Amino acid sequence: MERVRERLNMSAIQIIPINWYILLSAVLFTIGVLGVLFRRNAIIIFMSVELMLNAVNLLLVAFSTYLSDSAGQVFVFFIMAVAAAEVAVGLAILMSVYRNTMSTDINILSKLKG
Amino acid sequence: MFGLMVVLSKNPIHSVLYLVLTFFAIAGHYVLLNAQFLAAVHIIVYAGAIMVLFLFVIMLLNLNKDTEPHKNIWLKLSAAVAAGLMLVVLVGSLKNAEMAAATNAFNPNVGLIENLGKTLFAEFLLPFEVASLLLLGAMVGAVLLGKKSIK
């Protein structure tokens, strides 16, 4: 029982060095950037933006636990709220674009040029 | 990681499902990092709300087939090279970074609701209120954009 209690009071941050979390976040962020550059479907680009936001969230949580400071986790809440708002508005814009062009290809949006 | 499959799968619905798997993996990391409440919120908000929104839009727009036209191969190659270079730069700059030693003693209760609530409503009260305004504005904007035509 005592051992279980001891394990519960541990965290991965005491076993895994913080550098691995930095590396994981960097890889996740790069995948998000790759998605934005690689795809032309606007919905997939939104999803890649979500991936990048989540990479940053993961890093914030890792450092918050590492430094035992709850401010980082509160930041993550705000990022989640902003991400939810961004997705709602972005998808609404996408719907109206689709209604006008019958496509979600972002290259069609270059017609917006004057 | 499943994240790569999000980018690489042709069918948008498969992309969404892989993204849900990625989010569950991230939630697992949150649990490992003693941020249990954040893990629960993450699953509810992302897997529950945002992904349903994505799936709903994909079904509504009838995009569940790979209609995406072929991009120029050079464009794809340059995108991959740019992302790879960014990864190299990030890893190279962060590999030898000196980490500040943890100044506070390790406190396993940081991720619990009690501590988070105290921080949220003491230090971050004004940003909290601003976030509520932001959500209201986003809701109004989404409704306005979603209408058929604006008179």
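Guide: Chain A has five helices and zero strands. The model is a predicted one. Read along the sequence, the pattern of chain A is α-α-α-α-α.

Visitor: What makes up the secondary structure of chain B?

Guide: Six helices and zero strands. Along the sequence, chain B reads α-α-α-α-α-α.

Visitor: How do you know that the span of helix α5 of chain A agrees with its number of residues?

Guide: Helix α5(A) covers residues 71–101, which is 31 residues. At 1.5 Å a residue, α5(A) should span 45 Å. The expected span is 1.5 Å times one less than the number of residues. The end C-alpha atoms of α5(A) are 44 Å apart, so the two values agree.

Visitor: What comes just after α5(A)?

Guide: Met102(A), with a positive phi of about 55 degrees.

Visitor: Why is His42(B) called buried?

Guide: Buried means under 20% relative accessible area. His42(B) has 0%, so His42(B) is buried. The residue sits in helix α3 of chain B.

Visitor: Which residues is His42(B) in contact with, leaving aside its neighbours within four places in sequence?

Guide: From chain A, Asn54(A) and Met80(A). From chain B, Phe23(B), Ile26(B), Ala27(B), Tyr30(B) and Ala47(B). Contact here means heavy atoms within 4.5 Å.

Visitor: Why is Val27(A) called partly exposed?

Guide: The label lies between buried, under 20%, and exposed, over 50%. Val27(A) has a relative accessible area of 30%, so Val27(A) is partly exposed. Its place is in helix α3 of chain A.

Visitor: How far apart are Val27(A) and Ala55(A), in sequence and in space?

Guide: They are 28 residues apart in sequence. In space the distance is 8.3 Å, C-alpha to C-alpha.

Visitor: What about Leu77(B): why is that residue called partly exposed?

Guide: Its relative accessible area is 47%. Exposed would need over 50%, and buried under 20%. Leu77(B) therefore counts as partly exposed. Leu77(B) is found in helix α4 of chain B, residues 73–95.

Visitor: Which residues form a nonpolar patch with Leu77(B)?

Guide: Ile73(B), Trp74(B), Val81(B) and Leu85(B). With Leu77(B), they have about 570 Å² of accessible area together. A patch residue needs over 30% relative accessible area. Leu77(B), at 47%, therefore passes that cut-off.

Visitor: Why can residues a few places apart in a helix point the same way?

Guide: An α-helix has 3.6 residues a turn, so residues three or four places apart point the same way.

Visitor: Now the inside. What makes up the largest nonpolar core?

Guide: The core has 52 residues. Ile43(A), Met47(A), Val61(A), Leu91(A), Tyr30(B), Met51(B) and Phe54(B) touch the most other members. Chain A gives two or more residues from each of α3 (18–38), α4 (42–66) and α5. The most comes from α5(A), with 12 residues.

How values were computed
Residues numbered from 1 in each chain as written. Chains lettered and ligands numbered in written order. Predicted model: local features only at pLDDT ≥ 70, side-chain atom pairs only at ≥ 80, totals over all residues. Heavy atoms only, no water. Helix = DSSP H or I, 4+ residues; strand = E, 2+ residues; numbered from the N terminus. Patch = residues over 30% accessible without salt bridge, like charges linked within 9 Å, V, L, I, M, F, W, Y side chains within 5 Å. Areas by Shrake-Rupley, 256 points an atom, 1.4 Å probe, with all protein chains shown as cover. Salt bridge = Lys/Arg side-chain N within 4 Å of Asp/Glu carboxyl O. Buried < 20%, exposed > 50% of the residue type's maximum accessible area, 1.4 Å probe, protein only. Core = buried A, V, L, I, M, F, W, Y, C linked by side-chain atoms within 4.5 Å.
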